[in-house]
Amino acid sequence: MSAIGFTGGWLDRADAVRNDAAQVAALLADPAARLMTLNAGDPAIDADGCIAWTSLADLADDATPIFLGLDGKGRPHFAESRPDDVAGPARSRALTAILDTMPAAEAAIFGTVRSITGWHARHRFCANCGTGTTITRGGWMRLCPACGAEHYPRVDPVVIMLAEHDGRALVGRQAAWPAGRYSALAGFVEPGETLEEAVARELFEEAGVRVTNVRYAASQPWPFPGQLMLAAFATAEDSALTIDAKEIEDAIWVTRDEVRAALSGGSGARFLPPPTYAIARTLLEMWVK
Ligand SMILES: [Zn+2]
């Protein structure tokens with residue numbers, strides 16, 4: 001099974017350093033320090049499809065450095081937060097191509113940077129009183145100078161799941177996706193819900209399927225813009241579908257053989273699977289193993 005996308009980042013986040021402004025300043029003066037820059041939300045990559053790091057000499061005049069952590073040799077790594085950073089989930093076609101081949105551990109670090117810079121771009125003002133806030137804690141907090149509120153990077157939990165019934169799994173598609181692509185159904189967890197309850201509610205809302213026996217499978221950070229995908233399997237009571245056309249365009253039950261054919265990319269496959277870096281792909285791989 002392939003590595004789960006956006007997981008396995010190789011930097012020690014060194015939280016204690018973030019809290020010490022003098023230590024952060026010393027690391028910013030380290031000539032070995034590395035910098036990652038984004039161009040309209042896309043990373044610069046090297047010939048191996050990995051992140052092309054540069055030096056802090058390339059830090060833009062209008063940028064605030066974000067401390068990402070230390071590598072195995074103790075070298076500090078930074079990203080830059082800029083006023084024109086991409087705030088939302090939009091992905092360029094070039095980025096989609098980059099992610100198709102970028103190793104998961106590299107994508108994990110890119111995803112961290114894309115998420116935190118997007119969060120800064122969306123949270124320039126205090127949610128409590130509306131005053132402009134300032135970046136602190138090495139880039140991992142925003143502080144309101146007026147009311148003192150502390151704002152931390154936000155992560156939104158999303159459930160993504162395969163319902164199973166009688167040897168078949170349920171996959172669906174959204175109208176905006178590439179033709180033929182089907183994937184696991186998904187939805188945001190709401191306040192007051194468990195993971196299991198969110199899985200059951202979303203499957204019923206989107207496809208009219210009642211499930212029991214929800215089993216957690218794996219998780220993945222999704223940086224467009226800042227979700228934590230919680231992947232699960234569930235057992236459907238029956239196979240009747242009532243599709244909510246506002247949420248999905250279609251949903252179908254597929255067999256293991258059909259999923260294997262889709263994952264292997266054969267031209268006769270019943271559907272086009274999710275990209276390799278999506279945890280929905282991992283769920284399908286786990287299901288046919
Ligand atoms: Zn405030």
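Two strands are counted as paired if DSSP finds at least two bridges between them; helices (H or I, at least four residues) and strands (E, at least two) are DSSP runs numbered from the N terminus. The model is predicted: local features need pLDDT of at least 70, side-chain atom pairs count only at pLDDT 80 or more, and totals for chains, interfaces and linings use all residues. Residues are numbered from 1 along each chain as its sequence is written, and side-chain values use heavy atoms, with hydrogens and water left out.

**Figure 1. The antiparallel sheet β7-β8-β9.** Three strands make up this open sheet, in the order β7-β8-β9, with antiparallel pairing. The edges are taken by β7 (134–136) and β9 (150–151), each with a single partner strand, so one side of each is left without a neighbour in the sheet. Three bridges join β7 to β8 (residues 141–143) in the antiparallel sense, and T136 stands opposite M141 of β8. The loop between β7 and β8 holds R137, a residue other than glycine whose phi is positive, near 55 degrees. Helix α4 lies across β7, β8 and β9 and runs at about 15 degrees to β8. Contact here means heavy atoms within 4.5 Å; axes are lines fitted to C-alpha atoms, for helices over the stretch in contact, and angles run from 0 to 180 degrees between N-to-C directions.

Figure 2. Four strands form an open sheet of mixed pairing, ordered β4-β1-β6-β5. Its edge strands, β4 (54–55) and β5 (64–70), each pair on one side only. Strands β1 (residues 34–36) and β6 (residues 76–81) are paired in the parallel sense over three bridges, and R34 has H77 of β6 as its bridge partner. Helix α4 (residues 104–122) packs on this sheet, where it touches β1, β5 and β6, and its direction makes about 40 degrees with that of β6. Helix α2 (residues 21–28) lies across β5 and β6, at about 95 degrees to β6.

**Figure 3. The packing of helices α6 and α7.** Helix α6 (residues 256–263) packs against helix α7 (residues 279–288) at an angle of about 130 degrees, and their axes are 10 Å apart. The two helices are therefore oblique to each other; angles under 35 degrees count as roughly parallel, over 145 as roughly antiparallel, 65 to 115 as roughly perpendicular and the rest as oblique. The crossing of α6 past α7 is left-handed, a term used if the near helix is turned anticlockwise from the far one by less than a right angle, with right-handed used if clockwise. On α6 the contact is made by R256, V259, R260 and L263, and on α7 by R281, L284, E285, W287 and V288. These residues comprise five nonpolar, no polar and four charged, where Ala, Val, Leu, Ile, Met, Phe, Trp, Tyr, Cys and Pro count as nonpolar, Asp, Glu, Lys and Arg as charged, and the others, Gly among them, as polar.

Figure 4. Residue N213, in strand β13, has a positive phi of about 55 degrees although it is not a glycine. The peptide bond from F224 to P225 is cis, with omega near 0 degrees. P225 lies in the loop between β13 (211–222) and β14 (227–236).
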